[in-house]
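Welcome to my notebook. I opened this model for a first look and jotted down what I looked up, entry by entry.

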Amino acid sequence: MRRFATFLFGTLAFGADAFLDSVKPVLQAHCASCHGAKSPAGGLAMPALLAATSDESLRQRDKWERIADRIRAGEMPPKGAPRPAEEKLEAIVRWVDSSYEAIDRSRPVDPGRVTARRLNRFEYTNSVRDLLSLDMNPGEDFPADPYGYGFDNIGDVLSVNAGQTEQYLKAAERVSQSAVPVPGETVPATMHRYLAERMGQDRQLRMTVDHVFPIEGVYTLRAAFYQALKDGTRVRMRMSVDGKPAAEGELRFYYQIDRAIEAPGVRVTAGRHRVEATISVLPDPPYKGTPPYLEYLQVYGPLAEGQSPNQRFFTCGHGAGQHGTGCATQILAPLARKAWRRPVTGSEIDGLLGLAAREQTRTGSFEEAMRSALMAILVSPHFLFRVERDRGVGTHPISNHELASRLSYFLWGSLPDDELSRLADSGKLETTVKEQTLRMLRDPRSTGFVDSFAGQWLQTRNLSVLKPDAKLFSSFTGELAAAMRTETNLFFAEILRENRSILDFLDAPFTYLNERLAKHYGLAGVIGEEFRRVDLDGVQRGGVLTQGSVLTVSSYPTRTSPVIRGKWILDNLLNQPPPPPPPDVPALEEQGVASGGSMRQQLEKHRSSAACAACHTRMDPLGFGLENYDAIGRWREEDASGELPGGVRFATPAEMKKILRADPDVFARALTEKMLTYALGRGVELRDRAAVRQIVDRLRANGYRMQELILGIVESEPFRKRRGEGGA
Amino acid sequence: MTRLSRRHLLQGVGAAIGLPWLEAMAAPASTPKRLIVIYAPSGKIMPHWTPSAKGTGFAFPRTLASLEKHRSRVTVLSGLAANQGNALGDGAGDHARAASSYLTGVHPRKTEGADIRCGVSMDQIAATHFAKSTRIPSLEITCEDSRQVGSCDSYSCVYQSISWKSESQPMAPEMNPRTVFERLFGDATLTPGQRAARRSVLDLTRTETTRLSRDLGTTDKRKLEEYLTAIREVETRMDKAGPSIGTAAPAGIPTSYREHARLLFDLSALAFASGSTRMITFMLAREGGLQTYPEAGVPEAHHSCTHHRGDPELMEKVAKINAFHVEQFTYFLDKMQATADGEGTLLDNTLALYGAAIGDPNAHDHNNLPTLVAGGKLAGGRHLTYAKNTPVANLHLSLLHLAGVPVEPFGDATGRLDYLTGLA
């Protein structure tokens, strides 16, 4: 799609007057009439840029980079405007690139400053889980974390208020109750009956409840249906906990039947779990009429016999009632060290021990005292915030412990494990980053990275909130949405773990499917609920663009939109987000579609106005290239041809993907910028261009392998260093 | 224990709630004691919103039809503007600017993350004043939070908040009724032991946070100070025992939008009735959001209908959503009017503002905003019109004044609004 071959960086030297000879006259002649001093198009005024000397002018880096990007993309000059010869445009882009490359090389990289980051709820939950080896989800009630730069781990954007602080207290309380057993404390069994009618799930074939189980133990689950059926009609009911089957039963209906199935003893860990029941009428004997629907879901427990207190917390090895004076230190010191991700000072330990002593006096219980101390560790700012310290005003490496946290939150979304901590303690982490990174990618905890990063980069996280129109897309269920997300995650995970080329994201001959999703795609031969790798020879699929997840999140609830899909590609795969439409130009949407006009005819209007055409000549065709897939990603016969700026044509999605793949550096740069944003927890700025360029160079030299990208990031200056406050 | 539905939640509000300390806070009888701002985003089909006649005795237009029964308690205000929501050289991003400028009267700084900046919003001005006399200074709720990934028109998505505690701290609204319920009434279920433990823990945490923030850079220090403020607020709140309430928490977020909105309105009424708070902001959905309204006959995402360019079909959809939102508000007024409070009703002692900072959805403009106020014993049944571009912050100033909050003009307010209390 780029008009020119990839530019080779740094091979073309310019004379001092390249600006005067090749840049200024062309921009003056071709651009300044729209981009004049008075109300310049897009807010970009040429006269001020061109009047200065080249050195002065280059200080306006954001403007020059924008000019180069727009020319490179073929968007400027806009269609219909007189065009200089291509080599003249090429010379401008080359001048911009090489000028800034020279500038970047002439001075040290400014690594920037990362604002203290509050753990987001994903990181909070993982950190608690790994700190205490507890299988619970304590952050589930926390409010959604806000997004900045497309990610929810940006320090500048994450804040905290009293409401959240109460949630932190409550979560810490729940965690410490689960982690620290108190002798003789059993939880009395209670019964919760969730009526479908009162859950907003009236008359459904599926009922879902998120139930909080007070402690790990054995519970009895029950589900019942309602509706008189014809005698002899058979129904099948199923119950599951967190998607794992708990009970299944076939009932033959007679009027006085007990319309319920029961899962008599299910072991569940403490915390919230999803309990689900489904009902379906079996085809034999045939049944017509009102289908049965679920009436209630019931949870009873914990049963007395299943409650086994977990003594893991008491690392001093003593049983209940035997804890001596040293026990508190022995338990709390390593816990605080791990939770706070650095060596803990004597006065910090004293603070915790003092609290424990006061609590022991108040309650008369060592265990209660430990619960309070654990709570204090978890609501401590040292746990909730990742703070990095300035060591002087200039640029300097972050500490080994800060590096351990950067690595672990990047690749696991959790706190450093013992190995990382040991290396940090001995100061050896800096020199073993590569081995550690590869080890961390092999660790199952990297699944956290896949789900969090892929879910945000590709926006597949939105599958859980989007609601395709139930009438038009009745096959779109929560189960299908989950399957779509799983496909993308497994696909991402293979590229990561097998160190495949990142270009596979654009097109690849394989994917992961289960029966449900394969049927959705119209593919036969995949049987069963479990996902498996599927070769895509001769299939109109391959790469994230043809996955149901991406196709659904880039559609309207009732139909596809080439504009949204084109914008999705520009935003996420090319990282060249088009500016939103100017405020005075109402967005032209595919409004005529409903009333019979063709979407293509409607969108042609985008080309008729220069203001729209600048972006839409690229955005719309990219979206049309995916018109073979409907709003939930099913294949359909449709015209999916398009013409990109510069007259590059394609007829099918496959051809469009080939065009995207033909310019690997553009995608490599985009993915690098996205992942660097996620890794650093701050926006990627112009001053990071040098670091980004180095990573892209490294990728190009290594077959665009995914792990080279990760290594390039963890070895980059912005990841390893920090500028002190007041430093330049 | 059974989970109770929305329908059961507010049965006999007064009877269900114990009011341990509320009685002491009785304000002067003539002063409305509470404020609620309901934000209905993404514009209105204005011809269906604006009464065709000024003054009194007008017919309620289609969008407002459900409010007819509250005529004597409702005043429609036309001509107000959120001038700071305009681009002012910042290009696109009208949704983010609408939300963040509405209650602040301040033009937000355009950024995706670094250096977030807007202004203190009117609800937080009120919250600071009310903090002495309530347990929860303010409550921020919504039917659609920002769990949607993606950018928000080149602005950080935090600019989707209408409530700003400081110029750099937006208050994220809560969407889950269960969480709102627990925030309001969870205290009552704490045992004295839990309470004591929480106190000891917070005591240590406060000391640690103070120490940590001492030698940090400017931005990091600000983040830690947010936490310090929050800790102090939680400690203060624990000094005021919460009301106990004879009903169980809602189970979660209902799948139906109507149920969700009504449950949050129920909780708002309950929060007021129990004296838990005196200031609520409620976003019926996000600006430019993707909420769908199949119950109102609109399965499409809200925002995609709003750029209607005069297409009658799309305008009809927007009008349906507009009226549907107002119907939920009417439900709230019903509830507030039906609940006794002192000499009168809960509504008598509450000022409600229903509005937003986008007028015409097609243009996404910020003048001639859809605005109405209800309750607070204001003389209703009126349609007031104001000079073009009168800052909506002037209305906020008036509402704060009526609620007894001593306040200087803030944001772009130029003074209190004429005629609001008097007849016109």
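**Entry 1: a pair of helices in chain B**

I began where Pro177(B), Val180(B), Phe181(B) and Leu184(B) of α6(B) meet Leu263(B), Leu264(B), Leu267(B) and Ala271(B) of α9(B). Two residues are in contact when their C-beta atoms, placed from the backbone, lie within 7 Å. I sorted this contact by class and found eight nonpolar, no polar and no charged residues. My classes are these: Ala, Val, Leu, Ile, Met, Phe, Trp, Tyr, Cys and Pro are nonpolar, Asp, Glu, Lys and Arg are charged, and the others, Gly among them, are polar.

I then looked up the geometry: the axes of α6(B) and α9(B) (residues 257–273) come within 10 Å and cross at roughly 5°. That makes α6(B) roughly parallel to α9(B). Here axes are lines fitted to C-alpha atoms, for helices over the stretch in contact, and angles run from 0 to 180 degrees between N-to-C directions. Angles under 35 degrees count as roughly parallel, over 145 as roughly antiparallel, 65 to 115 as roughly perpendicular and the rest as oblique.

**Entry 2: ground rules**

I note that this is a predicted model, in which local features need pLDDT of at least 70 and side-chain atom pairs count only at pLDDT 80 or more, while totals for chains, interfaces and linings use all residues. Residues are numbered from 1 along each chain as its sequence is written, and chains are lettered from A and ligands numbered from 1 in the order in which they are written.

**Entry 3: chain B as a whole**

I find twelve helices and 14 strands in chain B. Helices (H or I, at least four residues) and strands (E, at least two) are DSSP runs, numbered from the N terminus. The radius of gyration of chain B is 21 Å, close to the 22 Å of the globule rule for 424 residues, so chain B is as compact as a globular protein of that length. The radius is taken over C-alpha atoms, and the rule is 2.2 Å times the number of residues to the power 0.38.

Of the 424 residues of chain B, 61% are buried. Buried means 20 or more other C-beta atoms within 10 Å of a residue's own, exposed means 12 or fewer, and partly exposed is in between, with C-beta atoms placed from the backbone.

**Entry 4: α7(B) and α8(B)**

How do these two helices pack? I read an angle of about 155° between α7(B) and α8(B), with their axes 10 Å apart. That makes α7(B) roughly antiparallel to α8(B). The contact includes Leu202(B) and Arg206(B) of α7(B), and Leu228(B) and Ile231(B) of α8(B). By class, the contact of α7(B) with α8(B) has eight nonpolar, four polar and seven charged residues.

**Entry 5: where the chains touch**

I looked up the contact between the chains, which takes 76 residues from chain B and 74 residues from chain A. On the side of chain B that touches chain A, α7(B) gives the most, with twelve residues. That side has 28 nonpolar, 28 polar and 20 charged residues.

**Entry 6: chain A**

I find 26 helices and 16 strands in chain A. Its C-alpha trace spans about 85 × 75 × 45 Å along the principal axes of chain A. Buried residues make up 49% of the 728 residues in chain A.

I also checked α7(A) (residues 162–179) against α10(A) (residues 366–379): they pack at an angle of about 135°, with axes 9 Å apart. That makes α7(A) oblique to α10(A).

Most residues other than glycine have a negative phi, and most peptide bonds are trans. I noted some exceptions.

- A cis peptide bond joins Asp284(A) and Pro285(A), with omega about 0°; Pro285(A) is in the loop between β8 and β9 of chain A.
- Another cis peptide bond joins Gly301(A) and Pro302(A), with omega about 5°.
- Arg341(A) is not a glycine but has a positive phi of about 65°, and Arg341(A) is buried, with 21 other C-beta atoms within 10 Å.
- His364(B), also not a glycine, has a positive phi of about 50°; with 27 C-beta neighbours inside 10 Å, His364(B) counts as buried.
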